[in-house]
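Could you walk me through this model in my viewer, one selection at a time? I would like to know what to pick next and what I will find there.

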Amino acid sequence: MGVFAFFTREGEQYLPTRIAMSSWSPTQVGGPAICGLLARELETRSPGAEFVPARVTVDLFRPVVDEPATLRSVVVREGKRICVADAELLQRGEVRSRATVVYLRTGEVPGGDLWQPPHDFPVPEIPDTSAAGAHPLFKSGDGAWTRDFAATQNAERKAIWQNMLPVVAGEPVTPLQRAGMAGDAASLMCNWGTEGIGYINSDVTLTLSRVPSGPGIGVLAQDQVAYAGVAVGTTTLYDRSGPLGTAVVTALSNVRRQVDMRRY
């Protein structure tokens, strides 16, 4: 039986499992696994439960491959209301990916009325029965939720509902880890068209006013802008209680290795 987690741990090393591999390459670790592992490391620098990880940015500038990886992190600033920490993922002695978190202290909500857009986010009727991961559900336009990748390969607005696997075998998935892994789906939701996915994201920026309250997280496409092989995608992250924040990705054209999602 395989390990149903993205990594196993041996001392200070993290070993990617088969399910951590990317659609782009069978020997390259996928974005959700990388984001989840870096989020896990940044959690070790949390200043306390009264702080929210309001922004997490992950830079994916070198391939993370099917080899042992190590992590390191440091607190950049520890203030009464704002704390910042950095983390790095290393292989073969070089930094392959890095992340930054900005923790903000919660407090009193200011008075007055503010404009906000309507909060009408699609949520599947299927309950989140397991806290240890499930196959994602997809939605295109006004269509029904489906697990069929082929049915979603079109030019409609997309949403995904995810219940993420554990980052490290034997450890529960934390809310920040769930949000970090789900945020990487912003590239999929914004760059998935009639011929598959032709852009590969180089980063993910996650903004959160709160962490998710349950295992299920939705990612809904809001905007996609592209020119000369560079794309920017913006999504809203939400759970069954409402919006959490946003996930924004920048991406590069990857035409030679375009992924046809109908294969899955």
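Predicted model: local features only at pLDDT ≥ 70, side-chain atom pairs only at ≥ 80, totals over all residues.

**The whole chain**

Start with everything shown as a C-alpha trace. Those atoms fill a box of roughly 55 × 50 × 40 Å along the principal axes. A compact globule of 264 residues would have a radius of gyration near 18 Å, and the protein agrees, with 18 Å. Now colour by accessibility: buried residues make up 48% of the 264 residues. Of the contacts with a separation of 6 or more, 65% are between residues 24 or more positions apart.

**The aromatic cluster**

Next, select Phe 121, Trp 161 and Tyr 238 and show their side chains; together they form one aromatic cluster. The structure holds five aromatic pairs. One of them is Phe 121 with Tyr 238: the ring centres are 4.8 Å apart and the planes meet at 20°, so this pair is stacked. Planes under 30 degrees apart count as stacked.

Where do Phe 121 and Tyr 238 lie? Phe 121 is in the loop between strand 6 (94-105) and strand 7 (134-140), while Tyr 238 is in strand 14 (residues 230-239), so the pair ties together parts that are 117 residues apart in sequence. Phe 121 is buried, as is Tyr 238.

Turn to the rings of Trp 161 and Tyr 238. Their centres are 5.9 Å apart and their planes are at 50°, so this pair is tilted. Trp 161 belongs to strand 8 (residues 158-163) and Tyr 238 to strand 14, so here the parts tied together are 77 residues apart in sequence. Trp 161 is buried, with a relative accessible area of 4%, and Tyr 238 is buried at 0%.

**One step along strand 14**

Select Leu 237, which also lies in strand 14. Leu 237 counts as buried, at 0% relative accessibility. Beyond its neighbours within four places in sequence, Leu 237 is in contact with a list of residues including Ala 179, Gly 183, Leu 206, Ile 217 and Pro 243.

Move to Glu 41, found in helix 1 (residues 31-43). Leaving aside neighbours within four places in sequence, Glu 41 is in contact with Leu 71, Arg 72, Ser 73 and Ala 87.

**Last stop: Gln 91**

Finish with Gln 91, in strand 5 (residues 82-91). Gln 91 counts as buried, at 1% relative accessibility. Show the backbone oxygens around its side chain. The one from Val 65 lies 2.9 Å from a polar atom of the Gln 91 side chain, and the one from Glu 67 lies 2.8 Å from a polar atom of that side chain. Other residues in contact with Gln 91 include Pro 63, Val 64, Pro 68, Ala 69 and Arg 96.

How values were computed
Residues numbered from 1 in each chain as written. Heavy atoms only, no water. Phe/Tyr/Trp six-rings, centres within 6.5 Å; stacked < 30°, edge-to-face > 60°. Helix = DSSP H or I, 4+ residues; strand = E, 2+ residues; numbered from the N terminus. Buried < 20%, exposed > 50% of the residue type's maximum accessible area, 1.4 Å probe, protein only. Contact = heavy atoms within 4.5 Å. Polar contact = N/O pair within 3.5 Å; in protein donor to acceptor, adjacent residues only side chain to side chain. Rg over C-alpha atoms; globule rule 2.2 N^0.38 Å.
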